[in-house]
Amino acid sequence: MEKIQSRQGQGRVADAPSGHWVYRAMPRGMWPYAQLARWDRPIGWQLLLWPCLWSTALAASAYAQPGAPLAEVLPSIWHILLFLVGAIAMRGAGCTYNDLVDERIDNAVERTRSRPLPSGQVSRGQAWAFLLAQALLGLLVLVQFNAFAIALGFASLIVVAIYPFAKRFTDWPQLFLGLAFSWGALMGWAADFESLSLAPVLLYFGSILWVIGYDTIYAHQDKEDDAIVGVRSTARLFGEKTRQWLIALYGGALLFFAVAFALAEVPMPALAGLVAAGAHMARQIRVIDIDNPDQCLALFRSNNVVGWLIFLGLIGGGLWAVISPQF
């Protein structure tokens with residue numbers, strides 16, 4: 001399906017992939033809700049999920065001793081499933097809320113005016129009802145954890161509520177996105193230990209820098225329209241110095257991750273994932289063309305690979321503790 005959605009008819013949102021399963025499998029009446037939740041653009045919930053998975057894998061492999069039983073060094077499958085459902089639900093709720101707040105701005109930007117609200121495919125009342133349904137699903141997921149993790153999860157709502165307005169009062173809205181999108185770096189550890197320590201806090205700080213970096217790349221798609229409507233971003237702030245800023249942001253993220261791993265006493269092979277992630281980040285910095293929107297979108301999406309590399313590194317560290325006595 002190639003038609004771009006407008007007030008004249010349904011179709012896909014401009015920056016969503018054509019031929020997505022959402023449009024093949026769902027009835028037309030559900031398309032606008034799928035678009036509000038960004039089900040046709042899964043990269044968002046994937047990037048929200050990664051700090052959760054890193055944290056739960058860090059907690060599982062923390063302080064692992066040689067010869068530890070396999071079940072003790074691998075993250076809980078139940079927790080992974082909860083984080084997966086929670087990430088999809090809360091990313092969808094967050095995007096719906098963001099669209100409600102930004103309807104006027106979205107209508108003025110070429111890439112976003114095909115979204116369901118500015119294109120007239122849903123009413124504000126319908127969008128609010130859908131937001132509530134997704135938030136209730138997220139709440140159902142949250143209450144499966146311990147009391148400390150539940151309280152920590154509720155605390156994240158403060159940052160989530162502020163984020164859509166950040167672009168109106170600061171050049172650093174990506175920082176607020178980082179604060180919200182990285183919260184899972186605390187949640188995985190809290191779900192396992194019912195407390196926090198310096199290791200997950202540093203993982204959180206590193207994830208914030210990573211989010212600022214990749215969302216700066218994403219924001220370069222809209223910098224011309226943003227300048228016209230007065231939307232602020234790190235893409236506009238950094239400008240031609242984006243590459244230098246990415247070096248600092250990604251480098252700082254890797255440093256925080258490495259120290260977090262060290263404090264948690266994760267087995268050394270986990271660092272291999274960080275090295276591989278660093279190589280991927282370096283490639284992003286080397287090839288980026290901030291004036292090529294299609295490339296910026298592709299590089300932004302490629303951060304899903306960073307998530308996999310760090311997660312698999314932590315899993316490998318835990319497995320090393322199990323098998324190392326055999327060598």
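**Entry 1: the cover over α10.** I began with what lies over the buried residues of α10, and the list includes α3 (43–61), α5, α7, α8 and α11 (198–219). The model is a predicted one, and I kept that in mind throughout. Helix α10 spans residues 184–193, and I found eight of its 10 residues buried, so I noted the helix as mostly covered, with under 20% relative accessible area as the cut-off for buried. I wrote down the buried ones: Gly-184, Ala-185, Leu-186, Met-187, Gly-188, Trp-189, Ala-190 and Ala-191. Just after α10, I came across Glu-194 with a positive phi of about 60 degrees.

**Entry 2: α5 against α7.** Two of the covering helices, α5 and α7, were next. As a reminder to myself, two packed helices are described by the angle between their axes and the distance between the axes. For α5 (residues 77–101) and α7 (residues 124–142), the axes come within 8 Å and cross at roughly 155 degrees. Angles over 145 degrees count as roughly antiparallel, and α5 and α7 are therefore roughly antiparallel to each other. I also logged the crossing of α5 and α7 as left-handed. On the α5 side, the residues that meet α7 include Leu-82, Val-85, Ala-89, Met-90 and Tyr-97. Among their counterparts in α7 are Trp-128, Phe-130, Leu-131, Leu-137 and Val-141. I sorted the residues of this contact between α5 and α7 by class and got 14 nonpolar, five polar and one charged.

**Entry 3: α8 against α9.** Here I looked at helix α8 (residues 147–169) and helix α9 (residues 173–181), whose axes come within 8 Å and cross at roughly 170 degrees. It follows that α8 and α9 are roughly antiparallel to each other. In α8, the contact involves Val-159, Val-160, Ile-162, Tyr-163, Ala-166, Lys-167 and Phe-169. In α9, the partners are Pro-173, Phe-176, Leu-177, Leu-179 and Ala-180. By class, the contact of α8 with α9 has 11 nonpolar, no polar and one charged residues.

**Entry 4: Ile-150.** I stayed in helix α8 to check Ile-150. Is Ile-150 buried or exposed? Its relative accessibility is 19%, so I put Ile-150 down as buried. Setting aside neighbours within four places in sequence, I found Ile-150 in contact with Leu-142, Val-143 and Phe-145. Its C-alpha atom is separated by 28 Å from that of Trp-172, 22 residues apart along the chain.

**Entry 5: nonpolar cores.** The largest nonpolar core has 71 residues, and Trp-54, Leu-58, Trp-210, Phe-261, Ile-310 and Leu-314 have the most contacts inside it.

**Entry 6: a buried lysine.** Lys-223 sits in helix α12 (residues 223–229). With 13% relative accessibility, Lys-223 counts as buried. Not counting residues up to four places away in sequence, I saw Lys-223 touch Arg-236, Ile-290 and Asp-291.

**Entry 7: positive phi in loops.** Tyr-63 is not a glycine, yet I read a positive phi of about 60 degrees for it. Tyr-63 is found in the loop between α3 and α4 (70–73), and with a relative accessible area of 36% it is partly exposed. Glu-265 has a positive phi too, near 55 degrees. I located Glu-265 in the loop between α14 (242–263) and α15 (270–287), and its 48% relative accessibility makes Glu-265 partly exposed.

Terms used: Residues numbered from 1 in each chain as written. Predicted model: local features only at pLDDT ≥ 70, side-chain atom pairs only at ≥ 80, totals over all residues. Heavy atoms only, no water. Axes fitted to C-alpha atoms, helices over the stretch in contact; angles between N-to-C directions. Helix = DSSP H or I, 4+ residues; strand = E, 2+ residues; numbered from the N terminus. Parallel < 35°, antiparallel > 145°, perpendicular 65-115°, else oblique. Left-handed = near helix turned anticlockwise from the far one by under 90°. Contact = heavy atoms within 4.5 Å. Nonpolar A, V, L, I, M, F, W, Y, C, P; charged D, E, K, R; others polar. Buried < 20%, exposed > 50% of the residue type's maximum accessible area, 1.4 Å probe, protein only. Core = buried A, V, L, I, M, F, W, Y, C linked by side-chain atoms within 4.5 Å.
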